[in-house]
Amino acid sequence: MLLKRVGAAIFAAALLYPLAGLFVPVGAWQWGNGSVALDAVRVSLVFTAIAMVVVVALGTPMALYVARAPARERLWWQAILLVSVLLPPLALGILLSLAFGPHALGAFLDRAGLRMTNTPLAFVVTQVYVSIGYYVLGAVAALDSVPAPLEVQGGLLGHDRWSVFWRVTFPIARLGLAVALSLAWVRALTEFGAILITAYYPAGMPVAIWTSLENFGLPAVMPLLIVFLVTALPLPWLAHILAQRRLSRA
Amino acid sequence: MLDAHVVKVRPRFTVDVALRVLSGEACGLFGASGAGKSTILACIAGAEAPDAGHVTLDGVTLFPPSLPLHLRGIGYLTQDANLFPHLRVGENVRFGLTNGARDAGAAWIAELRDRLQLEPIWQEPASAISGGQARRVALARMLARKPRLVLLDEPFTALDRHLVRELLGALVHWQRELGFTMVVVDHESDVLARLCERVIAIEDGRMVQDASWDELRSEPATPLLARLLAPL
């Protein structure tokens with residue numbers, strides 16, 4: 001038992017080892033271009049928050065539908081959702097810029113004053129595309145944990161579908177939904193490849209880190225890297241730990 | 001009155017049963033495992049959609065088209081108590097009552113709580129009580145809304161005889177008091193005999209006999225029914 005535990009500890013240490021990079025001397029840390037860095041933090045946090053509102057608003061009804069669909073139909077929907085999850089980010093960025101470009105939907109959007117390149121709209125739409133598949137697939141798994149007979153009972157006890165969702169389905173599935181949302185949050189916040197193509201401006205944290213690295217070197221990257229880690233890690237980490245704790249209690 | 005004709009295609013056979021149960025009457029569905037009895041109840045409750053047929057209750061059409069569950073006025077109890085695990089026992093029992101009805105129904109809830117001996121566990125999380133306690137809570141929760149029709153799908157399976165006797169007594173008492181219509185599925189002919197005067201026998205999704213208990217016992221319509229009714 002002790003030997004196995006030591007083996008697991010070595011595995012865990014190796015897994016966390018990249019974090020040691022934070023303590024490697026790279027020279028005095030500096031904010032590079034300070035205002036650009038702070039702008040990047042603001043852009044990433046605000047736009048990711050907006051993207052998450054869209055992801056939850058559109059993704060939750062879809063997840064509910066898929067979770068309660070007949071097995072064969074459900075497989076089709078999951079296959080489609082998986083495509084969005086498995087598309088390489090760089091390829092997705094190129095496809096998005098083409099699909100929303102002037103030769104396709106972009107022409108109509110342009111006329112409506114909605115530009116889909118290097119704008120906040122392009123940034124948010126890209127974030128939604130890269131993250132919504134993760135949210136919906138995770139939410140489907142969370143909703144699967146709610147036995148259908150409980151929802152039937154909720155209905156027969158006089159509650160309409162909306163009320164059953166809020167009083168039965170959501171309370172039981174909420175931690176799983178939080179985990180799904182946290183995955184989507186990380187995916188959207190940390191997206192680099194697709195954003196690089198569709199919305200190089202306004203620069204979010206990943207793009208700002210990349211340009212700081214190119215222009216000023218490692219000392220200019222480190223502070224932003226810390227902010228990046230602090231904003232990306234705690235939410236999903238906490239959601240997962242809470243979900244696991246609840247599972248272990250059940 | 002419940003007027004139902006349930007047609008539901010199953011892999012092995014098609015359930016096709018028509019039944020009428022008068023208001024306030026208690027009717028049993030009897031038959032071997034897998035005969036389609038639970039399917040009939042699930043289709044009447046709305047937990048499953050029939051493939052054809054019709055269901056009306058006191059003149060209100062439940063199917064087709066399918067009436068939303070919350071408008072059906074049906075209480076449905078199965079082998080699984082299906083309590084809401086995130087709520088306490090008391091919250092489960094009161095789940096079906098609106099705020100106004102909670103005040104008006106306080107005496108009724110107290111009666112359910114006392115008769116079903118739920119007082120000691122009233123504040124307990126529903127996920128922390130035993131299986132027998134959960135069935136009592138489920139019964140109280142179902143009756144709290146005073147449904148017009150009560151559907152019982154083997155709700156007493158795997159309970160000790162003392163508890164079954166207690167629950168049967170309570171059900172008979174409340175059916176007389178409230179006058180609800182009742183359809184009961186059970187393997188145990190003793191349970192059905194205690195609750196229902198009339199019984200419908202089902203085999204492979206078809207009705208094979210509609211009779212009183214005495215008639216069914218003295219003249220079972222099929223050899224399988226005779227075997228099911230024979231003492232061990």
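What percentage of the contacts in chain A with a separation of 6 or more comes from residues 24 or more positions apart? In this predicted model, such residues account for 78% of those contacts in chain A. Chain A has twelve helices and zero strands, and its C-alpha atoms fill a box of roughly 65 × 65 × 30 Å along the principal axes. Of the 250 residues in chain A, 36% are buried.

A:Tyr201 and A:Pro202 are joined by a cis peptide bond, with omega at about -10 degrees, and A:Pro202 sits in the loop between α9 (193-198) and α10 (205-216) of chain A. As background, most peptide bonds are trans, and most residues other than glycine have a negative phi.

The next step is the contact between the two chains, which takes 13 residues from chain A and 19 residues from chain B. On the side of chain A that touches chain B, α7 (148-156) and α8 (161-189) each supply at least two residues, and α7(A) gives the most, with six residues. Sorted by class, this side of chain A has eight nonpolar, four polar and one charged residues.

Chain B is divided into domain 1, made of residues 2-73 + 148-229, and domain 2, made of residues 86-146. The C-alpha centres of the two domains of chain B lie 25 Å apart, and the contact between them takes eight residues from domain 1 and nine residues from domain 2. Helix α6 (residues 161-178) of chain B gives the most to the side of domain 1 that touches domain 2, with five residues. By class, that side of domain 1 has eight nonpolar, no polar and no charged residues.

After α6(B) comes B:Gly179, whose phi is positive, near 75 degrees.

In soluble globular proteins, nonpolar side chains tend to be buried together.

Two residues of chain B show how such surroundings are put together. Leaving aside neighbours within four places in sequence, B:Ala45 is in contact with A:Leu156, B:Ile74, B:Tyr76 and B:Leu151. B:Leu149, found in strand β7 (residues 149-153) of chain B, is buried, because 22 other C-beta atoms lie within 10 Å. Not counting residues up to four places away in sequence, B:Leu149 touches B:Leu2, B:Leu57, B:Gly73, B:Ile74, B:Phe180 and B:Thr181. The C-alpha atoms of B:Leu149 and B:Cys196, which are 47 residues apart along the chain, are separated by 14 Å.

The strands of chain B include a hairpin. Strand β4 (residues 52-57) and strand β5 (residues 60-63) of chain B run antiparallel and are joined by three bridges, with B:Thr61 in β5(B) as the bridge partner of B:Thr56. Two residues lie between the strands of this hairpin, in which B:Asp58 takes a positive phi near 50 degrees. B:Asp58 counts as exposed, because it has 12 C-beta neighbours inside 10 Å.

Another residue other than glycine with a positive phi is B:Glu154, at a value near 45 degrees, and its place is in the loop between β7 and α6 of chain B. With 19 C-beta neighbours inside 10 Å, B:Glu154 counts as partly exposed.

Key: Residues are numbered from 1 along each chain as its sequence is written. Chains are lettered from A and ligands numbered from 1 in the order in which they are written. This is a predicted model: local features need pLDDT of at least 70, side-chain atom pairs count only at pLDDT 80 or more; totals for chains, interfaces and linings use all residues. Two strands pair if DSSP finds at least two bridges between them. Helices (H or I, at least four residues) and strands (E, at least two) are DSSP runs, numbered from the N terminus. Domain bounds come from an automatic or database domain assignment. Two residues are in contact if their C-beta atoms, placed from the backbone, lie within 7 Å. Ala, Val, Leu, Ile, Met, Phe, Trp, Tyr, Cys and Pro count as nonpolar, Asp, Glu, Lys and Arg as charged, and the others, Gly among them, as polar. A residue is buried if 20 or more other C-beta atoms lie within 10 Å of its own, exposed if 12 or fewer, and partly exposed in between; C-beta atoms are placed from the backbone.
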